[in-house]
Amino acid sequence: MKCKSCGASVTRNFCAKCGTRTGITSFDDVTTIPEEELSAVDECDQIAVLETENGTDTDTESIMEVKNEATNEVTNEATNETANETKHTYGKQSVSKRIVISLSAAATGTVALVVAISILFGWLVRKGTFFTDFIYHLLKQVVSLSPEQAAYFSERMSHDFWLQMVLMHGGYIRGEYLGASVGAEEGLFSFNINIPLLVSLLFTASLIYLVMFLLRPIFRKYTGRAISRLLWLIYFSGVYSILISLLLLIFRTKSTYFMGESEYSLTVSASVVPILITSFILALLAGGAGLGGWKWNARPEWMTLAGSLRTFTLTVMGFHVLIGGLMIGSWSLSTPNKLSSTEVLTMGNVWKVYQNDPAVYAILPNVLLQEQIYALGGAWEVSGPLTAAMLDIREPLKMSMLTGSQSLQETAITKDDNGVSEWLSTLESDIRVKWYHGAFLITYLYALSRIRLKNWWTWGVAVISVVLSTTLLAIFLNVEYKLTSYSRGIIGFSFLQVLLALTITTVFLLALSFGFQRLILRRKEVAK
């Protein structure tokens, strides 16, 4: 194509020699080009138009300089974009690295605090005698050690911070007892004991909650979505549970008792897998509560139900504190002979003996929860002759507030012994029904009434959540033992029986609460 003015060949929109726009006959036509069209032309063409309007010539060199400048600007923009992408990627890696370091340090610091508090608890236990006596009866009655050996080993175990750490993370203990005389092995057997303390677990959960609460600003700054925070929380829980398990393995307790030429050793360690699982779940739940601000894409009625379940839990805990205080008050005003039954070792009897020892109050939350389950229809069970001996019970039994008590001993002597039925009758009159059982039942009903239910779907989810969580907690807090001889026993409840009793009670009470809520809502609608 040739320029109409000078005849030079043209390859672009403007002539490289005279600057004339191809296809336009006069400069008036150039001045009428709209501004939006002018902006669409590349930079070198725009400069040529402006210089043509001002009456100046644009040579080939100036056009090339403009093109080079435009090319350089495009190259610089691409380079800046690449640099920004690299910086953004590096920023993400830096943030992830910072969170990893923060969470690892937080988990390590939490474990250090747990160790320090365990040492403090061990020192406090040494001030009293309850915990040492408890370990003594456990070793003497359940493990069947001699009184001298049980006293020796309990004195060393109860003051050890290792045992306090185990109790703060589930209470799963594995032991190995070995007796030898002049180098010859006399006896070797192992045992597993589960003695979880609810107050120790709550203390550990509170500590983790506080640590994650302090980390809340970091999470809100660097993690936006809930799923991202959940993954980081899982990382923290994993690091914490692994560190706790390693410490319990490293600092396991071993004591040796000498009697004449005989040597007896007791090695106690933690059951790693149960401790690992318990500590992980504990850190996950307590850490999630400490972070707070969880927002999921769920319907409003489900979010309301989640808040109501939280209110239900706090209500039960608050009333347990109140009822526990009233129980202590009633024990303090009672005489020893009228305090409780002489046929079984109850919390009232224990409190009367160790009321000035702070360690005795550590088992009170476990007792309150068991009384709550018993009041809702659960059958309290003492299975195994060794656990019966530990509680000073004549023989194993099962007791329910609805059906009464029955012996679990299946020997012919027990069936033909008329004294057993008389003993069970006396036991029932002493402990089957107490005033605080009614208080626990009212507590459960009031707590259920605070669950806001919008429809039958939320009612069903509420029933399942309450029943399963309460049943699992009740079974988790059972005191259990298992010996090498396959002898085993529990102090607590059976899973299926508690599940059935709680389901019936909760379905009835929650349906009653749902009906009242619907009735009140309809009256408000009619009033409007």
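Which residues in helix 15 meet Tyr436, His437, Phe440, Leu441, Thr443 and Tyr444 in helix 19? They are Leu368, Glu371, Gln372, Tyr374 and Ala375, where contact means heavy atoms within 4.5 Å. The model is predicted, with local features needing pLDDT of at least 70 and side-chain atom pairs pLDDT 80 or more, while totals for chains, interfaces and linings use all residues. Residues are numbered from 1 along each chain, and side-chain values use heavy atoms, without hydrogens and water.

**Helix 15 and helix 19**
- The axes (lines fitted to C-alpha atoms over the stretch in contact, with angles from 0 to 180 degrees between N-to-C directions) of helix 15 (residues 364-375) and helix 19 (residues 435-449) come within 9 Å and cross at roughly 80 degrees.
- Helix 15 is therefore roughly perpendicular (65 to 115 degrees) to helix 19.
- Seven nonpolar, three polar and one charged residue make up this contact.

- Helix 10 (226-250) and helix 11 (272-291) each give two or more residues to the patch, and helix 11 gives the most, with five.
- Leu246 lies in helix 10, helices being DSSP runs (H or I) of at least four residues.

Conventions:
Angles under 35 degrees count as roughly parallel, over 145 as roughly antiparallel, 65 to 115 as roughly perpendicular and the rest as oblique. Ala, Val, Leu, Ile, Met, Phe, Trp, Tyr, Cys and Pro count as nonpolar, Asp, Glu, Lys and Arg as charged, and the others, Gly among them, as polar.
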